[in-house]
Amino acid sequence: MWANNHNCSDTNYFILNGIPSLEDFNFWMGFPLISMYVIAVIGNTSILYIIRVDQELHEPMYIFLSMLSMIDLLLATTTMPKMLEIFLMDDKEITFDLCLTQMFFIHFLSALESGILVAMAVDRYVAICHPLRYSSILTSTKICKIFAMILVRGALVMIPIPLIIKRLPLWKNNHLTHSYCLHPELMNLACGDIKVNIIYGLFVILSVMGIDSLFIFFSYMLIIKTVLGLGEDASMKAFSTCASHICAVLVYYIPLIGLSVVHRFKSNTMPNLPILFGNVYLLLPPVINPLIYGIKTKQIRQRLKKLYGKIIHQRKNFRNI
C-alpha cells in the first residue's frame, strides 16, 4: 500500500524549522535563545551547587528541587544547542537516528519532570498535613526509591516511542515545523497506518501526565482542607511554602496541554500555534523554574545572594591587584 503511494518516499534525515514567515529574522532570534540557554544553565547549576554544598538544605524539599534542576538542565541541553544551529548557522538538517534520539530524550525528560512535580506535591502535603512525621515519612531511602520509580516508569513508557516511529518506512515529506523532533509531528508525516502511534501517544499522555496531574490536584485539595483549619498566619505561611511549586506546575502543564490539543486539532487559520506552544513547553521551564525558586524560596534566595556576592567581591579584589 505504501509503495503504491507516489507521494511517499524513504528518508534518512529531516529538516527542522525556525519560525515560519520569520526566516529573515532567524539569525537575530538566535541571540535571545543564547540568553535563555545561559540563564537556564547558570540558574540550574547554581541551585544544584548550593543544595550540594549546604548541609542545611539536605532536606526532601530541596533534594526534589535539585532533581528538578538536573532534569531542566538536561532538557535545555537536549534542545537548545540544535536550535542555535538552526537560527544562527541555518543548519536545519538532522539525521533520522539523531532525530529519534532527541525525540526520546525530550519525552523521557518531560515524563521525569512530571514525576518530580508529583513528588514535590507529596512533599508539600506531608510537610503541611503531617509535619510531626515529615522526617520519618520522607527518609533518604524513600526519596531514592521514589526517584528510581520515576526513572523506571519514564524509561518503560518512553522507550517504545522511537520504536513505533522507526517501524514506519515511508514519509510524506521530511520537513518538520518545530526546531526539534516530537512524536506527534513525526507520526503525522508518516505514510500508512498510524493507529498504533495515535493510541500509544494518548496512552502516554493519560498514564503519565494525566495521572500525575490528578495526583497533584488531589494533594492540593488535601493541603487546602488542612490549611483552612489553621489560623490566618499559619495558613498564609503554609500557602507561601507551596507558591513556588504551584508556579512550576503551571509553567509545565499549561503549555503541555496546549501543545497536545493543537497537535490533535490543528487549525488552518493559526498554523504557527503548535510552534508557539512547543517552544514555550520546552524552553520555558528550564529558564523559569530556577528564577521561581530563586525568588520565592527564602533559603535559596539568601544563599544565591551570598554566592554571587562572594563572586563579585572576589572579582573586585582581583581588579584592584
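## Model and confidence

This is a predicted model, in which local features need pLDDT of at least 70, side-chain atom pairs count only at pLDDT 80 or more, and totals for chains, interfaces and linings use all residues. Residues are numbered from 1 along each chain as its sequence is written, and side-chain values use heavy atoms, with hydrogens and water left out.

The protein chain averages a pLDDT of 84. That score is the predictor's confidence in each residue, from 0 to 100. A score of at least 70 is reached by 88% of the residues. Among the elements of the chain, helix α5 (residues 140-158) has the highest mean pLDDT, 95. Helix α11 (residues 298-320) has the lowest, 68. Helices (H or I, at least four residues) and strands (E, at least two) are DSSP runs, numbered from the N terminus. Where pLDDT is low, the predicted coordinates should not be read in detail.

## Disulfides

A disulfide is a covalent bond between the sulfur atoms of two cysteines. Here the criterion is a pair of cysteine sulfur atoms within 2.5 Å. A search of the whole structure finds 2 of them. Counting bonded cysteines along the chain, the pattern is 1-4, 2-3.

Cysteine 8 pairs with cysteine 191, with sulfur atoms 1.8 Å apart. Cysteine 8 lies in the segment before β1 (13-15), and cysteine 191 in the loop between α7 (183-189) and α8, so the pair ties together parts 183 residues apart in sequence. The link of cysteine 8 and cysteine 191 is left-handed, with -100 degrees about the S-S bond. Both cysteine 8 and cysteine 191 are buried. Buried means under 20% relative accessible area, exposed over 50%, and partly exposed in between (1.4 Å probe, protein chains only).

Cysteine 99 pairs with cysteine 181, with sulfur atoms 1.9 Å apart. Cysteine 99 sits in helix α3 (residues 96-129) and cysteine 181 in the loop between α6 (160-166) and α7, so this pair ties together parts 82 residues apart in sequence. The S-S torsion of cysteine 99 and cysteine 181 is about -120 degrees, so this disulfide is left-handed. Cysteine 99 and cysteine 181 are buried.

## Other cysteines

Cysteine 129 is in no disulfide. The nearest cysteine sulfur, that of cysteine 242, is 8.9 Å away. Cysteine 129 is buried, with a relative accessible area of 17%. Cysteine 247 is partly exposed, at 29%.

## Salt bridges

The whole structure holds 6 salt bridges. The criterion is a side-chain nitrogen of Lys or Arg within 4 Å of a carboxyl oxygen of Asp or Glu.

Arginine 153 bridges to aspartate 212, with the closest N and O atoms 2.8 Å apart. Arginine 153 lies in helix α5 and aspartate 212 in helix α8, so the pair ties together parts 59 residues apart in sequence. Arginine 153 is partly exposed, with a relative accessible area of 24%. Aspartate 212 is buried, at 3%.

Aspartate 123 bridges to arginine 124, with the closest N and O atoms 2.8 Å apart. Aspartate 123 is buried, at 2% relative accessibility. Arginine 124 is buried too, at 8%.

Lysine 82 bridges to aspartate 91, with the closest N and O atoms 3.9 Å apart. Lysine 82 is buried, at 13%, whereas aspartate 91 is partly exposed, at 34%. Lys82, Glu85 and Asp91 are linked in a network of salt bridges.

## A polar contact

Asparagine 174 is found in the loop between α6 and α7. At 14% relative accessibility, asparagine 174 is buried. A polar atom of the asparagine 174 side chain lies 3.3 Å from the backbone oxygen of tyrosine 13. A polar contact is a pair of N or O atoms within 3.5 Å; within protein, one must be able to donate a hydrogen and the other to accept it, and residues adjacent in sequence count only if both atoms are side-chain atoms.

## Nonpolar surface patch

Leu214, Phe217, Phe218, Met221, Ile224, Leu228 and Phe239 form a nonpolar patch on the surface. Together they have about 680 Å² of accessible area. Areas come from the Shrake-Rupley method with a 1.4 Å probe; for residues, only the protein chains shown count as cover. Patches are made of residues with over 30% relative accessible area and no salt bridge: like charges are joined within 9 Å, nonpolar side chains (Val, Leu, Ile, Met, Phe, Trp, Tyr) within 5 Å.

Helix α8 (residues 195-227) gives the most to the nonpolar patch, with 5 residues. Leucine 228 lies in the loop between α8 and α9 (232-264). Leucine 228 is exposed, with a relative accessible area of 67%.
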